[in-house]
Amino acid sequence: MAVLCAASLVAPAPALALEIFGLRLFERDRPEDEVIGTPQPYTVDFVVQGEEDGIERTLRRASRLWGGRDEPASGAAGLIATARGDYRRLLNALYADARYGGTISITIDGREAADLPPDAELASPAAVRVSIDPGPLFHFAEAGIVNQAPPARNRRDRVENPVDEGFRIGEPARSGVIIGAGQLAEEAWRQQGHAKATVVERRVTAEHPSNTIDAELVVDPGRYAVFGPVSVTGTERMDPGFVARQTGIQPGKEYDPDDLREARDNLTRLDVFRSARVQEAETIGPDGTLPIQVILQERLPRRFGAGGSFSTVDGLGLEAFWLHRNLFGRAERLRIEGKVAGIGATIDPEDFTYRTGVTFTKPGIYTPKTDLVASLFGDREVLDIYTRTGVTAELGITHGFTDELTGRFVLRGGYAEFEDDVFGIRDFVTVGFLGGIAYDSRDNAADATEGIFTELTVEPFYEFNYGNAAVRMVADGRAYYSFDEEDRFVVAGRVRLGAVVDPPIEETPPDRLFLAGGGGSVRGYEYRSIGVETPLGTVGGRSLIEASAELRVRVTRSIGLVAFADAGYVGESAVPDFSEDLRIGVGAGLRYLTGFGPIRLDVAVPLDPREDDPAVAFYVGIGQAF
């Protein structure tokens, strides 16, 4: 029987640095790959014995020699340092694949890399050969945890059983499985209030004659703890008491690591802090309490931003905002914004679309996840179908039920004058409320590669001039799926359904009716130009169906391509009867991927163009189309 890590290497031990199962072996005195010199070209012959393609691909991905073969190394010393580092990387890759009896040889110009001095002279190009015998696959003969946590009573405290993750007799004894089993064993105790649970001993041995591993992990759960007082440091303008409350941590409640993660999320959501750390004390107090410390660094309170979009159909749109994100010391946000659109589609300022207003947000009014939002906006919207001039006021609350599920309730009232070629000039005064609920599991809202987004809004309102009560309903769903681990190929889909019930079209405010077309809707058609056709022109409809599909391909780290198809239908009745035409647009796009989201260029063609529709439309913006 031999102690694990007995894989043999054709290299002296001091040349290696290996950390596995919490043990650091073969420590080296100098960081690797930090040598800079004259570029040293080299060729690589990478040989893996056996016929398993999977392990060869894994080993090649682990090797920096192989990964950097197309570029010269940073001098001869840099190539030697990279080669020496590959011993460790390749050995870790073998262990991760449950192979503990393999051999690794890395030679440069026929000499073992571990034996070469840093100042060795090499050929140009140097001939590198990596030869690996992975050895047999090892399986667990024993896999046990001493002092394993009892089953959790609360569903929220449940942790995956290490057995279900491969830590059991007969399974391949991959190093990641052993490490993961220890982490799960600690987390299971922590979820049940034992904040300082730790694996105190790892008894891991390899039986080479039988190609098996005996693994036993010993856990010390430590003392049971409850949350102690929350202290806050680093605040300048923020109220420390408010910050402590916003963490949601309740002193005296059972310790739960999920509460710490939620506290960090709550503070980040305030958008006031450049950094926010929520950390537990190193030791549990004599009374069983565990103090919590919040360490903050505040952002500057004021922020100014600007943005824009452009399409050959809709013209240029510009917008700007000014934001104060900590008005009274409790993360109150005041945002003043303005927007002008339609520039270029017309040169007459009276035909531009304008919008300006102010929004006030007060977070944490009832719970850390409940915000009060009030806004007042005035706007003039100029479309081919109608011109709207009006003002809208809103007062509501938003609440986060979970990290993915949010809801909102908004009281809304407004006045607007509409002018169009079909109905002439009309005034509308409306009062109502909007209720909405949304579920969002996307990994990145600006450039999602997995997850879904769904939202349902219901808006009952009353219109005073015509004396009508109405309900507007909209359902929006988006889904994203990646075909590979690197997210190079992603399929995205979107469906949007809408209905307005009861009043006739001529007695309904046009901005409560549905129109389609333009960027974010049906690309290739003019913005909000798809509606119900009448002898006098197009008007909004009482039903809406929109669908989009995209195939997104990342060509390089910063360049992506997109192929898409959009479709839209607007009907006269609340229940679609498909008496109107379905409009379809197709096209392709280019994405320049940045840290804040992709910069988007789309080219779209309408498949069923009308007289005023363009033959080709171009769209430029920030973020994916949906």
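The protein chain has an accessible surface of about 30,300 Å², 55% of it from carbon and sulfur atoms (Shrake-Rupley method, 1.4 Å probe). This is a predicted model, so to speak of local features takes pLDDT of at least 70 and side-chain atom pairs count only at pLDDT 80 or more, while totals for chains, interfaces and linings use all residues. Residues are numbered from 1 along each chain as its sequence is written, and side-chain values use heavy atoms, leaving out hydrogens and water.

**Overall build**
- The chain holds six helices and 32 strands (DSSP runs: H or I of at least four residues, E of at least two, numbered from the N terminus).
- Its C-alpha trace spans about 90 × 65 × 45 Å along the principal axes.
- Of the 626 residues, 45% count as buried (under 20% relative accessible area; exposed is over 50%, partly exposed in between; 1.4 Å probe, protein chains only).

**Helix α6**
- With 13 residues (257–269) at 1.5 Å each, α6 should span 18 Å, and its end C-alpha atoms agree at 19 Å apart (the expected span is 1.5 Å times one less than the number of residues).
- Asp-256 caps the N-terminal end, putting a side-chain oxygen 2.9 Å from the backbone nitrogen of Asp-258.
- Buried residues in α6 include Leu-260, Ala-263 and Leu-267.
- Just past α6, Asp-271 takes a positive phi of about 60°.

**Nonpolar patch**
- Among the residues making a nonpolar surface patch of about 670 Å² are Phe-310, Leu-601 and Phe-618.
- β31 (599–606) and β32 (617–622) each give two or more residues to this patch.
- Leu-601 sits in strand β31 and is partly exposed, at 34% relative accessible area.

Conventions. Patches are made of residues with over 30% relative accessible area and no salt bridge: like charges are joined within 9 Å, nonpolar side chains (Val, Leu, Ile, Met, Phe, Trp, Tyr) within 5 Å. A salt bridge is a side-chain nitrogen of Lys or Arg within 4 Å of a carboxyl oxygen of Asp or Glu. A polar contact is a pair of N or O atoms within 3.5 Å; within protein, one must be able to donate a hydrogen and the other to accept it, and residues adjacent in sequence count only if both atoms are side-chain atoms.
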